[in-house]
Amino acid sequence: MNDILSEIWATARNNKLRTILTGFAVAWGIFMLITLLGAGNGLINGITQQTEGRFNNTMVVYGGTTSQPYNGLKEGRYIRLKNSDIAITGSEFSGIVDEVGAMLYTSNLTISNGQHYLTTWIAGVGPNHNKINKVEMLVGRFINKIDIDEHRKVLILSNKQAQELNPDGDYKSLLGKWVKVNAFAFRVVGIFKDDENGRADAFSAYSTIQTIFGRGDDAGRIEFTFHGLPDEESNEAFENIYRARINANHQAAPEDRSAIWLWNRFTDNLQMQSGMDIIRTFLWIVGLFTLLSGIVGVGNIMLITVKERTREFGIRKAIGARPWSILKMIIIESVIITTFFGYIGMVLGVVATEVMDRQFGHSEYDMGWGSESIFVNPTVDIAICIEATIVLVVAGTIAGLIPSIKAARIRPINALNSN
Amino acid sequence: MIHLENINKTYYGAQPLHVLKGISLDINEGEFVSIMGASGSGKSTLLNILGILDNYDSGLYTLAGVPIKDLSESKAAVYRNKMIGFIFQSFNLIGFKTAVENVELPLYYQGVGKRKRHNLAMEYLDRLGLKDWWHHYPNELSGGQRQRVAIARALITQPQIILADEPTGALDSKTSVEVMQLLKSLNADEHITIVVVTHESGVANETNKIIHIKDGIIGNIEENLDHNSSPFGINGMMK
């Protein structure tokens, strides 16, 4: 073995260009594969992270406009969800719906604490809103059922808002204090973390908002969590029944899809999952083709190598080299060179993904509606890196095998007379 | 040592070429023979068959009692390695190996250990006066030196027979004489059977027996022990 290694070292050293070209083909193939998969993973992880902390089985119902005449009423009627819709959702669908809430926005209001004030919208919500859109509480509590039942004037601010209203002290000291919302005194019962992801509104109980700001029967949008709908079909079936029932409550055609809008996060996620699967498959296909070009590169160089060395093989055979020892020499040489450079490519690829991670993995981008990290942990599992390298080494060797076998079989006199 | 009986060889190209037309020949142990003929006479083909570098179509060839017919490449390689030493016109040294590595190579294929084959190769290089050039690459050596490296490589396995294909073809007249002297002394002192193929009558004249070959048929066989073969006399120019 030692002899073979020194043989290979001698040939590699004396055929630098050829060795480097082979090595480059291999290293490049692996490097590109890892970088590509890393970038893809970063993108997918970024998307996944955005949806993290959200409950999957949630639905939001918005009022819409009817698209067809029904029951003597014209199309184009604006549908506004009302309290009876909340009641229907909670009582008639209790087998599937867990907890019903609503979300009702005010217009711009002024919140003031002494001479400090700010203007914002207040979202009147139910206790379950926290499950539908994650609100990370820093101090205090979120809206509870008693707030709803008793129409309590409670207020939940973001840490930024709290800071703005109490610029001289700790934002937490605002907890439990009374602040003015327009002319009404509201008690701050909780402060949540501004996630810098979109608008940060203040929250209150929706029943309070409804009554104080004279919204009457307006329910805004209905939000609920549900269970027992495992797949797309059952979700669709439920949506149809639910739509028909709410439509009926507004005298709209049962199948009218625009009278109310349903946003189902479960089916939404299913679609996103399949989208990500497509991205993943696509990345793998591109990656494998990159790898293939590496393999073709190795095979090509092996072909040239063998052709170039035919005369040398002839000499070796004339002085007693068996075909097998020629073949062995070529194969071991190919394996060692591809492994060595494959390893280099792998290391460079891993370094590249780590650099990507450092550079872009944690930075956030202004997306217009807020800032988000779209690129999270763009790295590749080390096992995949090693597997890809092994695939390349094996495939490269097989690609080089065909000309090698030919070279090993050639009659020495023909080999000696070549070139 | 060498026994040929009615050897035929045809090259099947665009037009079949019957190169050897029934060669029968015996070369005994310790002989120093040249095969002489014009280019295209079939002399090189004959030598390649003798060296198991090429096969033949029909006939019988035994080398040191071993029938050489339809051998597998592996078996042929072993016979070449153990029994035959080659000297080529173009030396056929491996360019990226030093003189001593080239000489070592046949022993490498015999599985001889690194140190042992190195020592042996150095010994042979020393005998051929190349001790100081052992670490030089072929392109750093003169033609005569290269051919001597090739001869050392041919000798290192202590073959029963040395086959030389135009050994002086790429050398000037002075080194040609040196190389022929070397072969001569190898034959005289160590009784190695040597077969030289040449088209130069001066070279052939140095051998003890001249076999003339023409158009694939053996012509006359001259005993040449006094090295006075016409048209060259005793003091004739070799080249």
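## Basis

The model is predicted, so local features need pLDDT of at least 70 and side-chain atom pairs count only at pLDDT 80 or more, while totals for chains, interfaces and linings use all residues. Residues are numbered from 1 along each chain as its sequence is written, chains are lettered from A and ligands numbered from 1 in the order in which they are written, and side-chain values use heavy atoms, with hydrogens and water left out.

## Sheet in chain B

Chain B holds an open sheet of 4 strands in the order β2-β1-β4-β5, with antiparallel pairing. Strands are DSSP runs of E of at least two residues, helices are runs of H or I of at least four, and both are numbered from the N terminus. Two strands pair if DSSP finds at least two bridges between them. The edge strands, each pairing on one side only, are β2 and β5 (66–67) of chain B.

Strand β4 (residues 58–63) of chain B is joined to β5(B) by 2 bridges, and T62(B) stands opposite P67(B). Helix α1 (residues 43–50) of chain B packs on the sheet and touches β1 (2–12), β2 and β4 of that chain; contact means heavy atoms within 4.5 Å. The direction of the helix makes about 120 degrees with that of β1(B), where axes are lines fitted to C-alpha atoms, for helices over the stretch in contact, and angles run from 0 to 180 degrees between N-to-C directions.

## Hairpin in chain A

In chain A, β3 (residues 109–113) and β4 (residues 116–120) pair in the antiparallel sense over 5 bridges. L109(A) stands opposite T120(A). The hairpin has 2 residues between the strands, and G114(A) takes a positive phi near 65 degrees.

## Nonpolar cores

A nonpolar core is a set of buried Ala, Val, Leu, Ile, Met, Phe, Trp, Tyr and Cys residues joined through side-chain atoms within 4.5 Å. The largest has 72 residues, of which I2(B), L4(B), I23(B), Y61(B) and V195(B) touch the most other members. Helix α11 (residues 323–360) of chain A gives the largest share of this core, 8 residues. Another core, of 36 residues, lies apart from it and includes Y206(A) and F224(A).

## E31(B)

E31(B) is found in the loop between β2 (16–27) and β3 (32–36) of chain B. Its relative accessibility is 16%, so E31(B) counts as buried (under 20%; exposed is over 50%, partly exposed in between, with a 1.4 Å probe and protein chains only). Among the residues that E31(B) touches are N187(B), I192(B) and K209(B). The C-alpha atoms of E31(B) and N187(B) are separated by 7.5 Å, although these residues are 156 apart along the chain.

How values were computed
Lists of a residue's contacts leave out its neighbours within four places in sequence.
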